[in-house]
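Please examine the sequence together with the three-dimensional structure shown below. The paragraphs that follow lead through a few of its parts in turn.

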Amino acid sequence: MTNLLKKREIVLIEKAIDKQTAKISPGLLYVVATPIGNLEDVTFRAARILGEVDVIAAEDTRRTRVLLQHLNIAPRQLISLHEHNEALQVAKLVRRMTNGESIALVSDAGTPLISDPGYRLVRAASAQSIEVASVPGPSSVTAALSVSGLATDRFVFEGFLPQRASARCERLKQLVYEQRTLIFFESPRRIEGVIQDMEEIFSADRQAVICREMTKIFESVIRGTLNEVSTILGDKKESIKGEIVLLLDGAEKSDRASSVDEDLLLTLLSESLPPRRASEIAARLTGKRKNDLYQKILLQDFK
């Protein structure tokens, strides 16, 4: 019996290898991860696919061309697909795939669709029963998390915070009781203001990590409490530059949140406030998701 299981495992591995090394399938969309900085991080599979597909749809053709030149790849066709032209390009690309052409989707850097355009193309391709294949690789989210020293068993990616300070603070207040490690993208010119907002909204001794320019020459990691990180940023003589991933330790289980009678709270709030406002206040008091509480109010699922 053991020998039979081993033979079966060998067959499955061989089939997996065959699939990975097989030639490009016609009429298929490949979502291809590319390096977030160091060009040596590209996978063999990604390089092969980029060299064999009929079309590469790139968020920024200039940046993708640098990678292709590094790999000595002359693409058959390189076109742009970004947030401003995605709606127009999707129909054309889906038509080409239904006619048998293969397409690789890449972003500026890292894994496509993580705070990047492309989901419309994936959704449209799936709706037409076009196979969508993931070609995994670098991701700044997981790269930063792996070196942060924060809990990795449960985490949540929040992407970019709102640019306006008032909207940003409102979003942060909704996350005060989030127990999972929080991951954000942030710009260099806003990072000091964001850390200061977090100091006021979260406790100043909450652990935070700033990962900057991951895998690049000037990669740096700043760890400490929000207060310590704020001091470090303030002491820097030169301004912070480069792409930033900001991580924040999750909240400890809150006695305050657990002591709130959620159903009674929703009943009282919904008697005098619109559902949307009632759910926002309830979320801040209980640490629960605002949308979940909003749906509960609409369904009257608390009486």
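What covers the buried residues of α7? The cover includes β7 and α8 (191-201), where helices (H or I, at least four residues) and strands (E, at least two) are DSSP runs, numbered from the N terminus. Residues are numbered from 1 along each chain as its sequence is written, and side-chain values use heavy atoms, with hydrogens and water left out. The model is predicted: local features need pLDDT of at least 70 and side-chain atom pairs count only at pLDDT 80 or more, whereas totals for chains, interfaces and linings use all residues.

Helix α7 spans residues 165-173, and within this helix R168, C169 and L172 are buried. A residue is called buried under 20% relative accessible area, exposed over 50%, and partly exposed in between (1.4 Å probe, protein chains only). Seen down the axis of α7, the buried residues fall within an arc of 95°, so they line one face of the helix. The arc is that of the directions from the helix axis to the C-beta atoms.

The strand β7 (181-186) also belongs to the surroundings of the largest pocket: β7, α6 (140-148) and β10 (244-248) each supply at least two residues of its lining. A pocket is defined on a 1 Å grid over the protein atoms alone, as an open set of points where a 1.4 Å probe fits, with protein on both sides within 12 Å along at least five of seven lines; lining residues have an atom within 4 Å of a point. The largest pocket is lined by 30 residues, and D108, D116, F160, F185 and E243 lie nearest its centre. By class, this lining has 12 nonpolar, eight polar and 10 charged residues.

Two loops deserve attention next. S129 lies in the loop between α5 (119-127) and β5 (132-135). Although S129 is not a glycine, it has a positive phi of about 60°. E213, in the loop between β8 (207-212) and β9 (220-225), likewise is not a glycine, and has a positive phi of about 50°. Is each residue buried or exposed? S129 counts as exposed, at 69% relative accessibility, whereas E213 is buried, with a relative accessible area of 15%.

Strand β5 contains S134. Leaving aside its neighbours within four places in sequence, S134 is in contact (heavy atoms within 4.5 Å) with V31 and R45. S134 and P112 are 22 residues apart in sequence and 9.7 Å apart in space, C-alpha to C-alpha.

Key:
Nonpolar A, V, L, I, M, F, W, Y, C, P; charged D, E, K, R; others polar.
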